[in-house]
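Here's a quick briefing to read with the viewer open. Take a look at the model first, then work through the points below.

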Amino acid sequence: MTVAELISWVLLALGCFVALTAAVGIHRMPDFFSRIHPAGKTDTLAQMLILLALAVQAGFSPPSLKLLLISVFLLLTSPSSTHAIAQAAHLEGLEPWTKPPQEPPADTREEAAQR
Amino acid sequence: MNHLVLVGAAAGLLVAMSLFLLRALLGPTIYDRVLAMNALGTKTVLFVAMLGFLADRPEFLDIALVYALVNFLTTVAVLNLVQEARLDARP
């Protein structure tokens with residue numbers, strides 16, 4: 001177990017954690033525009049962490065250069081495609097989710113509970 | 001040991017990918033589906049790169065690079081199709 005391997009494992013674990021939070025967030029958010037937040041933002045972070053972890057394992061070699069190339073390319077395209085999706089939905093006229101109407105005041109709720 | 005960590009990370013990515021796929025199948029609007037498929041494509045790139053390290057075959061990175069290109073083009077093309085042809089844009 002070398003130091004480089006240890007660094008790479010930590011980065012891999014972080015990347016997997018970020019990817020899993022994105023997957024959970026895309027199910028928990030109420031509507032499309034809020035789902036962009038977990039899906040779009042964590043996309044770039046997870047790919048940077050995981051590809052960096054693999055590059056650390058590969059060392060100073062051609063595969064490392066390819067990993068860097070993939071990372072830079074995803075860094076450019078991922079936010080722009082997320083932006084394109086959001087803009088398409090906005091132009092189509094999709095309404096953002098708003099807070100539902102307030103629940104009835106506390107006293108009426110207590111009465112309902114007593115009944 | 002390193003092999004085991006890579007397999008674990010690949011399994012974690014697979015769980016995340018299956019959740020994204022579930023959102024793509026459930027997605028109320030077509031934009032939810034496109035968003036989920038875009039994120040799923042990015043995770044697939046990572047998964048393919050990881051598989052290359054697991055199998056000790058660096059050629060897999062070329063596949064990952066091409067998949068990243070195709071993923072971006074697919075997203076933009078599907079969005080263009082939705083906007084131009086008005087394909088089921090409403091839920």
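Predicted model: local features only at pLDDT ≥ 70, side-chain atom pairs only at ≥ 80, totals over all residues.

Residues are numbered from 1 along each chain as its sequence is written, while chains are lettered from A and ligands numbered from 1 in the order in which they are written.

**Chain A overall**

- Chain A has four helices and zero strands, giving the pattern α-α-α-α along the sequence. Helices (H or I, at least four residues) and strands (E, at least two) are DSSP runs, numbered from the N terminus.
- Of the 115 residues in chain A, 37% are buried. Buried means 20 or more other C-beta atoms within 10 Å of the residue's own, with C-beta atoms placed from the backbone.
- Take the contacts in chain A between residues at least 6 apart in sequence: 62% of them join residues at least 24 apart. Two residues are in contact if their C-beta atoms, placed from the backbone, lie within 7 Å.

**Where chain A meets chain B**

- The contact takes 38 residues from chain A and 38 residues from chain B.
- On the chain A side, α1 (3-28), α2 (32-58) and α3 (62-92) each supply at least two residues. The largest share, 16 residues, comes from α3(A).
- By class, that side of chain A has 26 nonpolar, seven polar and five charged residues. Here Ala, Val, Leu, Ile, Met, Phe, Trp, Tyr, Cys and Pro count as nonpolar, Asp, Glu, Lys and Arg as charged, and the others, Gly among them, as polar.

- A:Ile85 sits in helix α3 of chain A. Is A:Ile85 buried or exposed? It's buried, because 26 other C-beta atoms lie within 10 Å.
- Across in chain B, A:Ile85 touches residues including B:Tyr31, B:Val34 and B:Leu79.

**Two helices in chain B**

- The axes of helix α2 (residues 30-55) and helix α3 (residues 60-85) of chain B come within 8 Å and cross at roughly 175 degrees. Axes are lines fitted to C-alpha atoms, for helices over the stretch in contact, and angles run from 0 to 180 degrees between N-to-C directions.
- α2(B) and α3(B) are therefore roughly antiparallel to each other, a label for angles over 145 degrees.
- The residues of this α2(B) and α3(B) contact divide into 16 nonpolar, seven polar and no charged.

Conventions
Buried ≥ 20, exposed ≤ 12 C-beta atoms within 10 Å, placed from the backbone. Parallel < 35°, antiparallel > 145°, perpendicular 65-115°, else oblique. Lists of a residue's contacts leave out its neighbours within four places in sequence.
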